[in-house]
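Colleague: I am new to this model. Please take me through its labels and show me what each one rests on.

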Amino acid sequence: MAALAPDILEARLAHLRSTDEAAFMELLFKEFYKPLGQVIYRVVQDRDATEDLLQDVFLRVWNNRETLTISTTYRAYLYRAAFNAALRYQERGKRQVAWDAAPPSAEPTGSAATDELHYQEAESSVAAALNLLPPQCRTVFELSRYEEMSYQQIAEALEISPKTVENQMGKALRILRRELSTLLKNLYSLLL
């Protein structure tokens, strides 16, 4: 089956969603399974995890099909859902690795406890600052800094231009610099 033109596909999906839910899901699956898999795989780099995440994305659409509100295109919605699923998977993996790597009795004492407290404060400040970023800005920042993707890779994954990626990174860095200026001054004074 040849791929449908984007506008024809969107119209067909909208029609099928209201008339034949099974055909709607079948068309979604046929048209988007492979490209969504590529988006997820770029982030997680694990074929089995990619398959699981793809199933989750399509299952979530099926389970929420009656209340699903799509303000963009189906394509944009599915790409964002797949990308977010991949990012959540990565975050869970990082937390699990950190937990597994922790020593059995990792109770900090003395200076180590103070260092841990400063680290936790810094970590919560960074998390709060990241939450202030607009969604696309945050996604671009996290892909660049945490996933170590190039601007070109980010542009391809999000289907935006590399210049947009560059602009979003600049915006993210300005916001983070502003929000974390006090934290950076405090850390600097601790080092002296």
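Modeller: Start with a charge and a ring: the charged end of R47 sits over the ring of Y41, 4.3 Å from its centre. This is a predicted model, where local features need pLDDT of at least 70, side-chain atom pairs count only at pLDDT 80 or more, and totals for chains, interfaces and linings use all residues. Residues are numbered from 1 along each chain as its sequence is written, and side-chain values use heavy atoms, with hydrogens and water left out.

Colleague: What makes a charge sit over a ring?

Modeller: NZ of Lys or CZ of Arg must be within 6 Å of the ring centre and within 35 degrees of the ring normal. The charged end of R65 also sits over a ring, that of W62, 3.6 Å from its centre.

Colleague: How many aromatic pairs are there?

Modeller: The count comes to 4 aromatic pairs. Rings of Phe, Tyr and Trp (its six-membered ring) pair if their centres lie within 6.5 Å; planes under 30 degrees apart are stacked, over 60 edge-to-face, and the rest tilted.

Colleague: Why is the pair of F29 and Y33 called tilted?

Modeller: The ring centres of F29 and Y33 are 4.6 Å apart and the planes stand at 40°, so the pair is tilted. F29 and Y33 are 4 residues apart in helix α2 (residues 21-44), about one helical turn. Helices (H or I, at least four residues) and strands (E, at least two) are DSSP runs, numbered from the N terminus.

Colleague: Why is the pair of Y33 and F58 called stacked?

Modeller: The centres of the Y33 and F58 rings are 6.3 Å apart, with planes at 20°, so this pair is stacked. Y33 lies in helix α2 and F58 in helix α3 (residues 47-63), so the pair ties together parts that are 25 residues apart in sequence. F29, Y33 and F58 form one aromatic cluster.

Colleague: How do you know whether F58 is buried or exposed?

Modeller: Buried means under 20% relative accessible area, exposed over 50%, and partly exposed in between (1.4 Å probe, protein chains only). F58 has 6% relative accessibility, so F58 counts as buried. Y33, at 23%, counts as partly exposed. F29, at 42%, is partly exposed too.

Colleague: What about Q90: buried or exposed?

Modeller: The relative accessible area of Q90 is 17%, so Q90 is buried. Q90 is in helix α4 (residues 74-101). Leaving aside residues up to four places away in sequence, Q90 touches V43, V44 and E147. Contact means heavy atoms within 4.5 Å.

Colleague: Why is E91 called partly exposed?

Modeller: E91 has 33% relative accessibility, so E91 counts as partly exposed. E91 is found in helix α4. The C-alpha atoms of E91 and Y146 are separated by 9.7 Å, though the two residues are 55 apart along the chain.

Colleague: Where in the chain is confidence lowest, and where highest?

Modeller: The lowest mean is 64, in helix α9 (residues 181-191), and the highest is 92, in α3. The score is pLDDT, the predictor's confidence in each residue, from 0 to 100. The chain averages 81, and 80% of the residues score at least 70.

Colleague: What does the chain as a whole come to?

Modeller: Its secondary structure comes to 9 helices and 0 strands. Of its 192 residues, 31% count as buried. Among contacts between residues at least 6 apart in sequence, 65% join residues at least 24 apart.
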